[in-house]
Amino acid sequence: MAEKKPLRSIAAAFVAPGPSGVAIRDRLRVSAIDADVLRMVGVHLGSLAGRDLAARCRDGMGHDKDSWAVRKRDLTAVSSSRWAGSITKSTHDQWALARRGLAAHLQHLDAGVAAVRRRLALPVGAKGSCGEPGGYRSRREWHAKSRRLAVLEHRRQAAGADWQAGRVRVVRGGKRLANTRHHLDTARLTAQQWRERWTRPACSCLPTGSPVSGTATKPSVSHPTGRCR
């Protein structure tokens with residue numbers, strides 16, 4: 001009989017080192033002139049980021065390294081190579097996040113459609129078993145849920161079409177703030193106050209650290225509240 005091989009020894013436990021680098025956040029005390037300059041630079045970079053995000057969304061699933069190179073080259077002409085790289089990377093992250101959100105939305109709709117279909121298939125008033133819900137309690141509730149199923153299926157069809165086409169729903173500043181523009185009286189805001197809230201997130205744009213040096217220090221441009229991000 002062949003001899004059994006001895007079991008390998010287990011090494012002692014150790015702690016893996018975390019990622020190296022430095023991130024610095026501080027508050028700048030700047031003059032009124034410097035604040036105006038920072039504001040103009042931030043608005044300029046925010047407008048470039050918005051246009052780049054729109055271009056990336058138009059590309060959809062047809063995006064490739066060539067289209068990315070064209071976008072970065074166009075941004076470099078009106079800013080710098082480092083800012084162009086930061087903006088395109090942020091755009092790719094936003095598009096990917098919206099894509100993952102759409103996938104999660106599809107899964108949620110599929111689960112809702114399956115649950116409603118299952119309960120509609122059961123007799124009215126049927127009791128549940130094994131942790132599963134039974135049928136609906138009345139014909140009125142059954143009819144209401146059948147209408148709900150039609151709504152969910154329509155939403156699933158629209159979301160599936162967006163997924164297949166590579167289309168995402170994303171807006172810089174957030175959908176809620178964008179919709180608030182049409183309801184200023186309800187939000188108790190003036191057009192100028194809304195505009196300040198809308199441009200404020202766009203005035204925060206961070207260039208990535210140098211991949212050669214491996215540092216994570218990020219100089220930034222911010223709005224004139226004194227906060228450096």
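Which residues make up the largest nonpolar core? The legends below take up this question, then turn to other views of this predicted model.

**View 1. The largest nonpolar core.** This core has 10 residues in all. They are L102, L106, L109, V113, V116, L120, Y136, L149, L152 and A159. Helix 3 gives the largest share, 6 residues.

**View 2. Close-up of V116.** V116 belongs to the largest nonpolar core. Neighbours within four places in sequence are left aside here. Beyond them, V116 is in contact with Y136, K145, L149 and L152.

**View 3. A second core.** This core is separate and has 7 residues. Among them are L48, L75, W83 and A84.

**View 4. R71 in helix 2.** R71 sits in helix 2, which covers residues 65-78. Its relative accessible area is 7%, under the 20% cut-off, so R71 counts as buried. Setting aside neighbours within four places in sequence, R71 is in contact with D52, A55, R56, D59, H63, T88, T91 and H92.

**View 5. The whole chain, for orientation.** The chain has 7 helices and 2 strands. Along the sequence, the pattern is β-α-α-α-α-α-α-α-β. Of the 229 residues, 24% are buried. Among contacts with a separation of 6 or more, 59% join residues 24 or more positions apart. The accessible surface comes to about 16600 Å². Carbon and sulfur atoms account for 56% of that surface.

Conventions. Residues are numbered from 1 along each chain as its sequence is written. This is a predicted model: local features need pLDDT of at least 70, side-chain atom pairs count only at pLDDT 80 or more; totals for chains, interfaces and linings use all residues. Side-chain values use heavy atoms; hydrogens and water are left out. Helices (H or I, at least four residues) and strands (E, at least two) are DSSP runs, numbered from the N terminus. Buried means under 20% relative accessible area, exposed over 50%, partly exposed in between (1.4 Å probe, protein chains only). Contact means heavy atoms within 4.5 Å. Accessible areas come from the Shrake-Rupley method with a 1.4 Å probe; for residues, only the protein chains shown count as cover. A nonpolar core is a set of buried Ala, Val, Leu, Ile, Met, Phe, Trp, Tyr and Cys residues joined through side-chain atoms within 4.5 Å.
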